[in-house]
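My notes follow in the order in which I looked.

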Amino acid sequence: MPKERPTARVLAMLELLQDRPGISGADLARRLGVGERTVRRYAAHLADLGIPVTAERGRYGGYWLPPAFRLPPLALTDGEAAAVVLGLLAGSPHGVPGSATESALAKINRVLPEAVADQVTALRDTFARTRPDGQAAAPDSRIALGLATAARDRRRVRITYQSWRGETSARDLDPYGLVLHGGRWYVTGLDSLRAAIRVFRVDRVRSLEPAEDPRAEPPPPGYDPAAQLTEALGEVSGRHRVRVLLHTTLDQVARRVPPAAATLVQTPRGVLLETRAERFDTMAGYLAGLGCPLTVQEPAELREALAELSDRLASCAARTGEP
């Protein structure tokens, strides 16, 4: 077996420093199969190449790359590079904001070993996904990252937001978290305009800047952004199977029904909605909120719940407001 050359060990040390910041000299020496004096010499060699390695002595000392140091090129193993490609494929087109996904995939694929690149190409050629939402759009990456930073740092921001009706409004927002759901990015947070925690689509945020008062209200104890989104989107689940024919187009329904809430199938007579429900009265209200004619195929109990809801609404409409 040919002896490993020092240059290869220096590059191996660089890879270890990227993978394990703060790794001790003794651990480096053991992994590289050299003495600690040689490790110090390798660190000096990396510094000569313009890669400053920081060494901290003492019991809890170790070797570090500067936090803000940008290393060209990034050293990835074949498995790590393939994992990055898989993540990018799974995230596109809207999981990773912006058009950088395609360029990143192309760059990584160019430097992969031939065997791994061939496997990645095979995956890409045979890869398919369920349609997240016909209306889904990638958000501005700068806005998505700005919201994420504000949520982490508990800072209030000023946003301009465009509603589904096309109306634009400005408000202060205390972001609490970002959630990727059905091909869309959402941000949850305390909305100054409504004085309540609300959910916003990130692709509809038209501008983002620091608020005049940057102090944000903390979220309630145990707050879960994903649970907030699920509740806001009106997702339903339960024991009872529901089949409803919506007399409208698939594009119209897709704007109102999240992909995880129901299965939607275009038929000659309309859009077949299939889902499950725990309570028929809740499902009746959900269907009424879609705002389109519909025919309940099953179960019969849902028809009764819709009739009861209709009677209650008619009773409310008949009230004059007099004592």
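I began with terms: two strands pair if DSSP finds at least two bridges between them, and helices (H or I, at least four residues) and strands (E, at least two) are DSSP runs, numbered from the N terminus. The model is a predicted one, in which local features need pLDDT of at least 70 and side-chain atom pairs count only at pLDDT 80 or more, while totals for chains, interfaces and linings use all residues. Residues are numbered from 1 along each chain as its sequence is written, and side-chain values use heavy atoms, with hydrogens and water left out.

I looked up strand 9 and found that it pairs with strand 10 (residues 270–277) over five bridges in the antiparallel sense. In this region Thr267 stands opposite Gly270 of strand 10.

I then traced the whole sheet, which is open and made of four antiparallel strands in the order 9-10-8-11. Strand 9 (263–267) and strand 11 (294–298) each have a single partner strand and stand at the edges, so one side of each is left without a neighbour in the sheet.

Next I turned to the helices. The axes (lines fitted to C-alpha atoms, for helices over the stretch in contact, with angles from 0 to 180 degrees between N-to-C directions) of helix 10 (residues 280–288) and helix 11 come within 8 Å and cross at roughly 65°. That makes helix 10 roughly perpendicular to helix 11, a label for angles of 65 to 115 degrees.

Finally I checked contacts (heavy atoms within 4.5 Å): the residues of helix 10 that meet helix 11 include Phe280, Met283 and Leu287, and their partners in helix 11 include Leu302 and Leu306.

Notes: Angles under 35 degrees count as roughly parallel, over 145 as roughly antiparallel, 65 to 115 as roughly perpendicular and the rest as oblique.
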